[in-house]
Amino acid sequence: MKLPIIKHLTSFIEENDEDFVVETIETLETLTEVPSLKDEELDVIGELISNMYGAIEVNKMIKDGAPKKEALNNFMQRVMGSIDS
């Protein structure tokens, strides 16, 4: 996951609507079923999907009252904590 991408997507959700990101995730998930995709291509799609899910999670924290910067930092700390485990 890339914090700058999650931050940008979070701003996009705030300016537009979360549904755009959800629909994009669904589209990308469908693309992963294409049998001719190479592993590298699947990795890129997977990274995009995980960043979008991250942005949705950060947006949820913001809606629950967390300041944007705090929500982003808390989310990335959780991610890094799960990687270290």
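This briefing describes the helices, the nonpolar core and the side-chain pairings of the structure above. The structure is a predicted model, and every value below was computed from that model. Its largest nonpolar core has 19 residues, and α1, α2, α3 and α4 each supply at least two residues of this core. A search of the whole structure also finds four salt bridges, and the count of aromatic pairs comes to one.

**Helix α1**

- Beyond the residues up to four places away in sequence, T10 touches A55, V58, I62, K68 and L72.
- H8 also lies in helix α1, but its relative accessible area of 60% makes H8 exposed.
- Although H8 and A55 stand 47 residues apart along the chain, their C-alpha atoms are separated by 8.4 Å.
- As a general point, an α-helix has 3.6 residues a turn, so residues three or four places apart point the same way.

- Helix α3 runs over residues 39-63, and its 25 residues should span 36 Å at 1.5 Å a residue, which agrees with the 36 Å between its end C-alpha atoms.
- The buried residues of α3 are I45, I49, S50, N51, M52, G54, A55, I56, V58, N59 and M61.
- After α3 comes G65, a residue whose phi is positive, near 110°.
- A66 is placed in the loop between α3 and α4, the latter covering residues 68-84.
- With a relative accessibility of 19%, A66 counts as buried, because the cut-off is under 20%.
- Leaving aside its neighbours within four places in sequence, A66 is in contact with M61 and A71.

**The nonpolar core**

- Within the largest nonpolar core, the residues with the most contacts are I6, V21, I25, M52, V58, M61 and F75.
- Helix α3 provides the largest share of this core, namely seven residues.
- V21, one of the residues with the most contacts inside the core, is in contact with F12, I13, M52 and I56 once its neighbours within four places in sequence are left aside.

**Salt bridges**

- E18 and K63 meet through their side chains in a salt bridge, with a distance of 4.0 Å from N to O.
- This pair links distant parts of the chain, since E18 is in helix α2 (residues 18-31) and K63 is in helix α3, 45 residues apart.
- Another salt bridge joins E57 and R78, whose closest N and O atoms are 3.6 Å apart.
- This pair, too, links distant parts of the chain, with E57 in helix α3 and R78 in helix α4, 21 residues apart.
- E57 is partly exposed, with a relative accessible area of 29%, and R78 likewise counts as partly exposed, at 47% relative accessibility.
- The side chains of D64 and K60 also meet in a salt bridge, at 3.3 Å from N to O.
- In that pair D64 counts as exposed at 58% relative accessibility, while K60 is partly exposed with a relative accessible area of 46%.

**The aromatic pair**

- In general, a pair of aromatic rings is described by the distance of the centres and the angle of the planes.
- Here the ring centres of F12 and F20 are 6.1 Å apart and the planes meet at 70°, so the pair is edge-to-face, a term that applies to angles over 60 degrees.
- F12 counts as partly exposed at 33% relative accessibility, and F20 counts as partly exposed at 46%.

Key: Residues numbered from 1 in each chain as written. Predicted model: local features only at pLDDT ≥ 70, side-chain atom pairs only at ≥ 80, totals over all residues. Heavy atoms only, no water. Contact = heavy atoms within 4.5 Å. Helix = DSSP H or I, 4+ residues; strand = E, 2+ residues; numbered from the N terminus. Buried < 20%, exposed > 50% of the residue type's maximum accessible area, 1.4 Å probe, protein only. Core = buried A, V, L, I, M, F, W, Y, C linked by side-chain atoms within 4.5 Å. Expected span 1.5 Å × (residues − 1). Phe/Tyr/Trp six-rings, centres within 6.5 Å; stacked < 30°, edge-to-face > 60°.
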